[in-house]
Amino acid sequence: MYSAVERLVNLALYLAAARVPVSAEDIRSEVLGYAPDQADDAFKRQFERDKDDLRTAGLVIRTDAENEGYYRLDRSGTFAAPLDLNAEEAASVRAAASALLGDASFPFSDDLRLAMAKITSTIDSGDVAAAARLADEDPAQQGSIVAQLAEAASIRKSVDFGYTNSHGISAPHRVDPYGLFLHDGRWYLVGRDTALDEPRTYTVARMSDIAVNPARPKSPDFERPDGFDVASFVRLPFQYGPAQSRFDALLRFGASARWRASSLTAGHGELEADGDGMLWHVSACSRPRLLQFVVDNGPGVHLLKPAGEVQALQRGLKEVLSVHG
Amino acid sequence: MAKLSTAQRTRRLIALLGRMENGVVISLAEMAAEVGSSSAELAEDLTTLSLCGIAPYTPWELVPVSIDGDRVEVFGSIPAMRGPVRLSLAEAEALSAALSAAGFSADDPINLKLAAATSASLDAEELARTLHTETAKHDIAIFEALAAATRDHQAVVLAYQRDGDVAARERTVEPLQLLADRGAWYLTAWCREADDFRTFRIDRIRNLQGTGEQFDPGAHGTSALSAEAFSARGLPVARLRFTNQESYIERDWPGSRLIERLENGDELAEVPFAGTDWIARRVVARLGRVEVLEPEVVREAVVALAREESSQH
């Protein structure tokens, strides 16, 4: 008695060895694991499932164009070409994989493990000591939820979940998941809230009871908007808040902080040269968080506008001295 | 470990077929580490593979692999197989996502080479539009050189610029481990100038030069590595008071713990710190809504920093 796994590997090897397209009947008689007394319909269903499973494993199985009902393995599509990584690139692949395979908050570790198992013999590099903690709050839970959401986004199925917002209010949501981003140790989902009919950003750590729409699993529920780019939803800490509270701020990176300007601004706002420093025009929504950002990322980061916030910063620094005086 | 489905296990076995190169002799444990399985899982997989083949299924048509204790030997070739199977779309996306988390963009040469050789279907740029990992911008060439130096146990000279330093300072270090934590990558190394372990943010390394000198990675012990990578154990602790205008949020103060809620709504917490610069800056940034109760050295650092910031604003 052959196991289903053995039958599938036998089928892969048979297709790989076949020099001409083969029929389902050839497969049924030549591949160990298919029961000879199986009804035709049952065999056909099993064979379809087996082809799907092998395709998921990376095999490219094609129907022969000239002979309907005949199959062949597309060898160039199935087998990897030589991989030409230099020593540093090979070490980087090892480092990234090594770090993330051990990180429960990385949602694709099963697929990454299989990817590395496939290419490990073609990467001329030993292992690199590395570790990661992409998300720090309940990493296994976040990793598991993001894996579900990423799959739903990929096949464009709606998801239902419970969500507790930052005010502690819980409510059910139905969302068309467009994309996911990771920022400062947290995963976020961006999608269209079907009740509000507008894109929203949700903190994955605040979700519960995720359910992907089980109806018509092979039919997408929605289309992503043209030009969607999940990175455009990533904000700096002081940019979160109601749209009506938005204001313009002007900051300056002094000579000692100029080299960090690109990293700190992360593509937001506009930078312009200003003597030995850089000016940064950026929009903000949260006044306390803007002041916190200025001090957190100092020295060398100066707030120039709005004037009221500059004064608030000065008052706050005096308060620090008063409290610790 | 959860039981794998037939499809999942088949994927693992198909991945292993690419390792079945005639003449390969390797320890079970080493191969298990390479493919990310346990030794027991790998032994079971290889045993299953050794039973698979093509008609007429004589021993000469079966996958030529044997396991003897800890020794795995591939004693023949599988004519039908021509090296490793390409990555499935999900596998290619996982690899691309891992590289993205390490700071490699979708159009970085490393991604393009991997996609061209191993996956016919991956569109890394499309993936980047739906899955984004925000990573502190480090120089990819420096990351690559550090990965290689860590692997090869080669000492390097790095130019490191801390926040507020006008220029970078050179240090000779022995790279031991790369770490990713909440969007930034770090290097743990033995610093010869400090004569101790040090952690360096990779986006603050301005330049890197190899020395060609090999070092013994175990020479200074391994207490700073692996399981301890994200631990705050052994660090001094400061006691902070969070006023009722500033909620204590544990993740904002890594390794901290709430110790008391006072009747007036204030909260007391213990926060570990490696250096006073870090904790003082975080306290000052709360503009009086957080007070350091002890130790005195942190209170002094807070006062000094608040004076310095006041003079600048």
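1. Helices (H or I, at least four residues) and strands (E, at least two) are taken here as DSSP runs, numbered from the N terminus. The model is a predicted one, in which local features need pLDDT of at least 70 and side-chain atom pairs count only at pLDDT 80 or more, while totals for chains, interfaces and linings use all residues. Residues are numbered from 1 along each chain as its sequence is written, and chains are lettered from A and ligands numbered from 1 in the order in which they are written.

2. Helix H4 of chain B covers residues 89-101. Its 13 residues should span 18 Å at 1.5 Å a residue, and the end C-alpha atoms are 18 Å apart, so the two values agree; the expected span is 1.5 Å times one less than the number of residues. After H4(B) comes Gly103(B), with a positive phi near 100°.

3. H4(B) is mostly covered, with 12 of its 13 residues buried. A residue counts as buried if 20 or more other C-beta atoms lie within 10 Å of its own, as exposed if 12 or fewer do, and as partly exposed in between, with C-beta atoms placed from the backbone. Among the buried residues are Glu91(B), Glu93(B), Leu95(B) and Leu99(B). The packing partners of the buried residues include helix H5 (87-101) and helix H6 (109-119) of chain A, and also strand S4 (131-133) and strand S6 (169-181) of chain B.

4. H6(A) and H4(B) pack at an angle of about 100°, their axes being 8 Å apart. Axes are lines fitted to C-alpha atoms, for helices over the stretch in contact, and angles run from 0 to 180 degrees between N-to-C directions. H6(A) is therefore roughly perpendicular to H4(B), a term for angles of 65 to 115 degrees; under 35 is roughly parallel, over 145 roughly antiparallel and the rest oblique. On the H6(A) side the contact includes Asp111(A), Leu112(A) and Lys118(A), and on the H4(B) side Ala90(B), Glu91(B) and Leu95(B). By class this contact has 8 nonpolar, no polar and 3 charged residues.

5. The contact between the chains takes 105 residues from chain A and 103 residues from chain B, where two residues are in contact if their C-beta atoms, placed from the backbone, lie within 7 Å. On the side of chain A that touches chain B, H5(A) gives the most, with 13 residues. That side divides into 62 nonpolar, 25 polar and 18 charged residues; Ala, Val, Leu, Ile, Met, Phe, Trp, Tyr, Cys and Pro count as nonpolar, Asp, Glu, Lys and Arg as charged, and the others, Gly among them, as polar.

6. Strand pairing also links the chains: strand S6 (residues 170-183) of chain A and S4(B) pair in the parallel sense over 3 bridges. Pairing requires that DSSP finds at least two bridges between two strands. The bridge partner of Phe181(A) in S4(B) is His132(B).

7. Ile14(B), in helix H1 (residues 6-17) of chain B, is buried, with 28 other C-beta atoms within 10 Å. Leaving aside residues up to four places away in sequence, Ile14(B) touches Ala12(A), Ala57(A), Gly58(A) and Val85(B). Ile14(B) and Val85(B) are 71 residues apart along the chain, and their C-alpha atoms are separated by 7.3 Å.

8. In chain B, strand S12 (residues 267-272) pairs in the antiparallel sense with strand S10 (residues 237-242) over 6 bridges and with strand S11 (residues 257-261) over 4 bridges. S11(B) and S12(B) form a hairpin with 5 residues between them, and Gly265(B) in the turn has a positive phi of about 95°.
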